[in-house]
Every structure is written in C-alpha cells, then in structure tokens.
Amino acid sequence: MEDINELIQQRLKKLDELKLLGIDPFGRPFKVKDTASSIMNGYAEISPDELTNKSIACTVAGRIISFRGFGKATFCHIQDGTGKIQIYLRKEILGEQYNLVKKLDMGDFIGIEGRLFRTKTGELTIEAEKLTFLTKSIRPLPEKWHGLKDVEIRYRQRYLDLIVNTKVKDVFIKRALLIKSIRRFLDSKGFLEVETPMMQAIPGGATARPFVTHHNALNMDLYLRIAPELYLKRLIVGGLDRVYELSRNFRNEGISTRHNPEFTMLEFYMAYADYNDLMDFTEEMISTVAKDVFGAMKFEFEGKSLDLAPPWPRVTHMEAIKNYSSGNIDPTNFEKSREYAKTLGIQIKDDFSHGKILDEIFKEVVEPNLFQPIFIINYPTDISPLAKRCPDNPNLVERFELFIAFREIANAFSELNDPIDQRTRFERQVLELQAGHIEAHRMDEDFIRALEYGMPPTGGEGIGIDRLVMILTNSPSIRDVILFPQLKEESKQ
RNA sequence: GGGCCGUUAGCUCAGCUGGUAGAGCAGCUGACUCUUAAUCAGCGGGUCGGAGGUUCGAAUCCUCCACGGCUCACCA
C-alpha cells in the first residue's frame with residue numbers, strides 16, 4: 001500500500017460511506033441490456049418529440065468518465081466497451097437514491113436504468129430512474145482532456161491508456177479484426193490452422209538468436225521458437241497440404257521501434273505451389289483483408305500515401321541493387337561487391353559470403369526507397385538455407401520478400417524439398433555456427449529424415465503481423481500495436 | 001552497447017544566468033435542476049527520478065545510477 005495520497009484517502013472515505021449505506025463498493029452482477037454505441041447509433045436520427053412519445057427504456061453500465069454536478073441535478077458520461085453515453089441524474093426522479101451521487105467519483109462503475117431523451121443541445125441522454133452502484137475506483141484517472149501522454153505509463157499501465165485514449169483502443173480492435181480476417185481468408189482457401197511447439201530442442205526456421213530455457217524433469221535445455229517453419233513443413237510431409245499457424249515467435253535480439261522480443265507471425269505452407277503462386281496469393285490476401293477491415297486500399301503512413309491495390313512490381317534482388325547504386329556495382333563480382341560495400345561504410349566481417357555482402361548492400365541502398373508495395377525476388381542461396389534454387393542459377397533461390405513502407409512484411413520461398421541439398425546447406429550453416437555466427441542454423445536430422453520420405457513441391461511464407469498492423473493503422477512504433485511491449489523492469493524506488 | 005533528449009502535485013505542463021515550488025484539470029467545502037473543458041467563492045496537495053559532490057544556499061551546476069523516448073550499432 002505505497003503512496004496513499006490524499007486523493008486515494010478521499011475515495012477510501014467514500015468507499016466506507018457506501019458500506020454504511022449497505023452498498024457493496026465492489027458490486028454485484030448487473031443485467032446490462034443496451035450498449036452506448038447501440039443506443040447512440042440506433043436513435044441517432046430520432047427527434048426529441050418522438051423520443052418523449054415512445055418513452056424508450058434502456059439499461060446500461062459503464063465507467064464514469066466525466067461528471068458535472070448542479071446540486072439537485074447531475075450530468076455525467078459513462079463509458080462501456082463500445083463507447084460513451086451521457087446520463088442525467090435528477091433528485092426529483094431518483095429521490096433518496098440521489099444521495100448516492102455525492103459518493104460517486106470519476107472512474108467508478110455504475111449501472112443505469114432510465115429513459116432516453118434529447119437535451120437542449122441535442123445530445124442523446126439517458127434520464128436515470130434507477131442508479132446501481134457497481135464498483136469503486138480508488139485511484140484517480142488521468143486528466144480528462146490532455147489525457148495520458150507519458151509513454152512509459154502508457155505501456156506499463158496499458159489499461160489506463162485504453163480507458164483514456166480512444167484511438168489506442170481502436171488500434172487494438174483493428175488488430176483483432178485483421179487477424180480474424182486473415183484466418184477467414186485462409187480457411188476459405190482450404191487451409192488448416194495448426195499448433196506446433198513453442199519450446200524446441202533445436203531452434204530452426206530463421207536466422208536469429210533464441211531464448212534458452214530448461215526443462216527440469218527431462219533435464220534438457222529447450223529454446224523458445226524463432227519460427228515454426230520446420231514443423232509446418234513436417235506437416236506437409238505428413239499430408240496436410242495446406243497449413244498455417246498464426247502465433248508468437250521469440251527472438252533474443254535488440255528492441256527497437258520495429259522489433260519486440262516476442263512478436264506475432266503468420267506462416268503458411270501450400271503444397272504443389274511455388275513462390276510465383278505465393279506472390280499472387282499474397283496480393284490477394286493482403287488487399288482482401290485490408291478492404292475487409294478498413295474498407296480501403298489507400299492508407300496514410302507517416303505522412304505519405306500508400307496504395308495497396310495489386311498488382312505489385314516484382315524486381316530481382318540484383319536488379320534492385322543495380323537500380324539504386326547508379327551503376328557503381330557489378331553484383332556478380334565478389335571482390336567488387338566487397339569494395340562497393342566498404343565505400344558505403346558497411347562493416348564487412350571476414351566470414352561474410354558474397355550473398356551476405358549483397359544483402360547488406362541491399363539494406364543500405366535499396367530498402368530506404370521501398371515505400372509502395374514491391375516484391376524483391378531471387379535472393380542469394382547462401383543466405384537462404386531453406387529455399388529451393390532457381391533452375392537456371394544455383395547461386396540464387398526462388399525466394400521473395402514483400403516490402404511495404406520501408407519494412408519487410410513478408411518472406412517466402414519455394415521450399416527446398418531435396419533432402420540431400422538440405423543436408424549440404426545445413427552443414428554449411430553448422431560451419432558458420434562453429435565459426436561464431438551465433439544466429440546460424442543448426443543441423444536438424446529429423447527434419448532431413450522427414451524430407452527423405454518426400455515433401456511435395458511447396459510454397460511457404462511468413463508475414464509479420466505486427467508490422468502489417470503498424471502500416472494499416474499508421475503506427476510509428478511496434479509498441480503501439482502490441483498491448484504489453486517488453487520493457488525493463490519497473491524500478492522499485 | 002554509443003550519441004542526443006527527458007523524468008517537477010493524481011494527470012498535462014511552467015519554473016531564466018543558483019536564492020528555498022507554480023498554473024490548469026482532478027480533489028475537498030459551499031452555492032446551483034439542460035450541462036458537456038459547466039460556472040462562481042474558498043481550501044488543501046510536492047523526498048522536484050535516486051545517490052553523491054560544488055556552494056552560505058541546488059528543481060536549477062557537476063559526477064554516477066535507474067527508467068523512458070529518439071537515433072546509430074546489433075539483429076530479419
């Protein structure tokens with residue numbers, strides 16, 4: 001019970017007074033029949049006279065978010081899960097019950113039974129006939145028109161942010177609708193939603209540093225998954241031809257406006273398809289869900305206009321590098337690429353492969369230009385150990401990344417289903433791992449064994465849901481689209 | 001991890017080149033039956049993020065620490 005200040009004391013006093021009146025300050029169930037938005041929308045056009053004639057009864061409940069007392073009458077707004085509505089409390093009508101009004105504070109929950117009317121200024125309002133006290137709030141809410149701005153409190157105490165900042169609530173409602181819409185889309189295309197291990201003995205499917213934990217009974221270290229990929233492909237081997245998983249991945253890396261240690265990813269796998277099919281599929285999926293949830297294809301992001309209407313251009317990784325490096329590079333030449341990267345100020349480690357260097361150049365030179373949706377295709381093989389090689393060039397793989405608003409939104413490829421090649425690629429990754437590249441892939445013998453039974457040609461893709469939500473809700477930081485983003489521990493002081 | 005910025009009342013913020021803390025909202029008391037940033041009169045509220053230091057004197061200057069933001073690095 002730290003920091004019991006005067007404001008809290010006042011409220012505790014009212015709480016005791018409620019008890020003396022025989023009222024439970026933390027309330028009993030209340031039969032809610034109407035919501036703020038159903039009333040506001042349902043009677044938006046109705047005239048004051050018609051309202052009086054019809055004498056419409058309603059029952060609502062919510063948190064008091066504004067309060068204006070006049071002695072024998074009081075106006076307040078209550079907020080429920082759908083919105084807010086004004087309540088008019090009169091001594092003339094409530095009689096004895098009106099004494100309760102003096103015990104009310106901003107933030108308290110009340111239930112109201114009453115009749116609709118329209119005030120002089122035209123606001124649809126409930127005139128209370130019965131007031132039921134539901135729950136006392138003993139801490140004062142943030143201020144009513146500046147709201148809550150302190151970002152640290154907004155993230156740590158998201159509940160306050162949600163109460164006070166209605167736009168924040170909208171973002172998370174949109175996020176939920178988007179995820180629902182994605183599921184609906186995939187289900188309609190014959191996909192099966194599955195769940196695969198979050199705790200894995202061999203973390204695979206991405207280039208990333210994992211979190212480690214320990215299982216006591218089994219006495220073994222386990223890793224929080226960095227991707228579900230290898231398990232989903234095992235399911236393709238098992239004959240589940242279209243599967244998806246939409247859930248959390250964990251990566252033990254830096255935190256930034258674009259990275260949270262746990263983040264939400266959609267991965268889906270389609271047997272008998274390749275990366276070209278997936279590009280068509282991705283255009284359809286993203287434009288469909290955007291239209292479904294936001295009713296639009298054009299979005300405002302960071303002051304610029306974004307157009308999601310397909311089709312989106314498809315440019316190879318190499319062409320893109322050439323296009324944005326004003327002819328200063330021959331990407332097929334290892335030494336020249338290296339020299340060029342150095343001139344860009346990129347730190348080149350000795351063990352960097354040609355493909356790695358090219359990708360660094362790409363990030364430096366190309367990525368900052370990719371605002372409108374674009375597919376970058378055909379990546380270097382050595383940075384894509386799980387993707388199938390291009391038939392005409394073994395140094396490239398059938399892989400694309402979708403960029404929107406300078407961000408990588410999706411990553412997909414024709415899955416490597418040749419177990420012999422897969423073993424070679426893993427072996428090379430293991431060498432990198434031993435050389436100190438801590439994010440490199442590990443050998444996964446069971447995965448190779450699965451491929452040896454035969455995996456049909458398959459296209460697979462991952463989509464970063466948080467980043468997609470950021471773009472569609474014009475949110476500059478990933479923390480704005482994750483309810484409880486990771487922060488350092490709150491100091492005890 | 002580096003750089004820059006921030007942390008003052010429950011909330012939003014002032015507080016100059018050092019002189020001992022201020023506003024609005026919220027709260028309390030009183031008035032008020034159509035207000036919506038209600039209004040009017042009065043009152044209370046602070047370990048100035050934490051610890052050291054300089055100084056006669058520190059919210060203010062210096063050092064360290066904590067937390068946060070932006071950014072760079074790292075990283076899909």
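Student: Which polar backbone atom is 2.6 Å from a phosphate oxygen of RNA strand B?

Tutor: This is a predicted model, where local features need pLDDT of at least 70, side-chain atom pairs count only at pLDDT 80 or more, and totals for chains, interfaces and linings use all residues. Residues are numbered from 1 along each chain as its sequence is written, chains are lettered from A and ligands numbered from 1 in the order in which they are written, and side-chain values use heavy atoms, without hydrogens and water. A polar contact is a pair of N or O atoms within 3.5 Å. The atom at 2.6 Å from the phosphate oxygen belongs to the backbone of Lys 488.

Student: What does the side chain of Glu 6 approach on RNA strand B, and at what distance?

Tutor: An N or O atom of the Glu 6 side chain takes part. Its partner is a sugar or linking oxygen of RNA strand B, at 3.4 Å.

Student: How many residues surround RNA strand B?

Tutor: A residue is near the strand if one of its heavy atoms lies within 4 Å of it. The closest include Thr 121 and Trp 145. The residues that surround RNA strand B number 55.

Student: Which element gives the largest share of the surface near RNA strand B?

Tutor: Helices (H or I, at least four residues) and strands (E, at least two) are DSSP runs, numbered from the N terminus. Among the elements that supply at least two residues each are α1, β17 and α5. The largest share, five residues, comes from α5.

Note on methods
Polar contact = N/O pair within 3.5 Å; in protein donor to acceptor, adjacent residues only side chain to side chain.
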